[in-house]
Amino acid sequence: ILGEPHIEIGSDTATISWDTDKEANSVVDYASDSEYQSGGYAHKEEDAETYSLKHSITLLALRPETPYHFRIISKPQLGPQAQTEDKSFTTKSTLPQIFGIHLLNVGENTATLTWSTQVPAGGLVEFTNMSTRETKSIGDPSMQIGHTIRLPDLKFRTPYTATIKANTATGDVIASQPVTFVTTKDDTPPLILNVANESTLFPGADVKVQTIVSWDTDKVSECQVFYGEGLTVTNENKVSLPIETGYVLKHTQVITQFTPSTVYKFWIECDDKNGNHSKSEDFVLYTPDLQKNVIDLILENFQGTFGWVNNIGK
């Protein structure tokens with residue numbers, strides 16, 4: 001066997017090529033790292049009936065991002081076989097595919113791109129000002145399937161191209177076709193997303209319920225929370241929290257006026273920097289029940305049996 005073998009590695013295949021000084025057959029013993037550590041080579045791929053000076057064997061159905069051990073064996077028709085020492089390689093990760101590209105909210109100086117990948121990947125957008133040819137990039141290295149990146153500091157009434165790049169944990173990168181857009185006056189209302197609420201009851205002499213309402217917007221906005229007791233809210237029983245004092249993407253408000261065991265309806269209204277207004281759907285929440293202590297429960301039980309319990313303390 002002459003020199004070192006040549007290996008072409010994919011995510012689920014590997015092709016191993018080598019030369020011999022005599023015509024011989026082609027055999028590759030191989031195993032994943034875990035298989036090799038527990039019992040040596042678990043698999044064999046061979047072309048035992050073809051004798052040649054040049055050899056190539058492809059290993060199929062490998063696991064992505066996995067270390068493998070292998071050795072090469074070549075045996076001529078006459079004479080002893082030759083074999084290498086143990087060698088290794090690691091398969092590549094599965095390359096992400098970029099699909100579902102959507103351009104959201106192209107404004108005067110911002111634009112938002114969303115897309116998906118079929119495997120978790122980091123995301124990066126390279127965008128170029130077609131007038132000045134200046135190129136910038138912005139990215140999110142976290143490995144995820146759904147991606148949203150906002151492009152900041154764009155020039156008004158300017159054409160841009162943007163290319164999305166998805167990268168795997170092992171450093172493989174794939175790029176999309178360029179997306180072209182022109183910044184313009186933003187007349188699209190902000191989207192109100194991922195609305196959630198969490199209520200906590202604080203017992204004591206002055207029982208309080210604290211409710212945290214959180215949500216996202218797809219562009220920086222100032223928002224306000226409105227609510228009312230019951231399922232029907234009118235101008236008479238509508239209450240509002242103070243409007244936020246800054247334009248942000250992630251929003252949190254705290255309500256401390258709720259009472260226990262009560263149904264409330266609430267909604268959110270937001271305005272972006274251009275005055276575009278949006279209102280969320282209506283949401284309903286039920287505040288926690290006031291838990292009675294053991295003495296209260298005992299007294300209620302006696303009160304149901306003996307009417308004189310009502311006179312205790314009188």
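Buried means under 20% relative accessible area, exposed means over 50%, and partly exposed is what lies in between (1.4 Å probe, protein chains only). Keep those classes at hand for the tour. This is a predicted model, in which local features need pLDDT of at least 70 and side-chain atom pairs count only at pLDDT 80 or more, while totals for chains, interfaces and linings use all residues. Residues are numbered from 1 along each chain as its sequence is written, and side-chain values use heavy atoms, with hydrogens and water left out.

**Stop 1: the whole chain**

Select the protein chain and colour by secondary structure. There are two helices and 19 strands. Helices (H or I, at least four residues) and strands (E, at least two) are DSSP runs, numbered from the N terminus.

Along its principal axes, the trace spans about 110 × 70 × 25 Å. The radius of gyration is 33 Å, whereas a compact globule of 314 residues would have one near 20 Å. That radius is taken over C-alpha atoms, and the globule rule is 2.2 Å times the number of residues to the power 0.38.

Of the 314 residues, 36% count as buried.

Next, contacts, meaning heavy atoms within 4.5 Å. Among those between residues at least 6 apart in sequence, 62% join residues at least 24 apart.

**Stop 2: Glu23**

Select Glu23, in strand β2. Leaving out residues up to four places away in sequence, Glu23 touches Tyr51, Ser52, Leu53 and Pro76. Then pick Tyr68, which is 45 residues from Glu23 along the chain. The C-alpha atoms of the two are separated by 27 Å.

**Stop 3: charges**

Colour by charge. The chain has 24 positive and 40 negative side chains, and the centres of the two sets lie 5 Å apart. Lys and Arg count as positive, Asp and Glu as negative; His and the chain ends are not counted. Each charge is placed at NZ of Lys, CZ of Arg, CG of Asp or CD of Glu.

Side chains of opposite charge can pair when their charged atoms come close. How many salt bridges does a search of the whole structure find? The search finds 10. A salt bridge here is a side-chain nitrogen of Lys or Arg within 4 Å of a carboxyl oxygen of Asp or Glu.

**Stop 4**

Select Lys54 and Asp19. Their side chains meet in a salt bridge at 3.5 Å, N to O. Lys54 sits in strand β3 (residues 43-59) and Asp19 in strand β2 (residues 14-32), so this pair links distant parts of the chain, 35 residues apart. Lys54 is exposed at 61%, while Asp19 is partly exposed at 30%.

Move to Lys165 and Glu126. This salt bridge is 3.3 Å, N to O. The pair ties together parts 39 residues apart in sequence, because Lys165 lies in strand β10 (residues 159-167) and Glu126 in strand β8 (residues 111-129). Lys165 is partly exposed at 26% relative accessibility; Glu126 is also partly exposed, at 29%.

Finish the set with Lys250 and Asp216. Their closest N and O atoms are 3.6 Å apart in a salt bridge. Lys250 is in strand β16 (residues 248-258) and Asp216 in strand β14 (residues 208-229), so parts 34 residues apart in sequence are tied together.

**Last stop: a network**

Select Asp29, Lys44 and Arg71. Salt bridges that share partners join these residues into one network.
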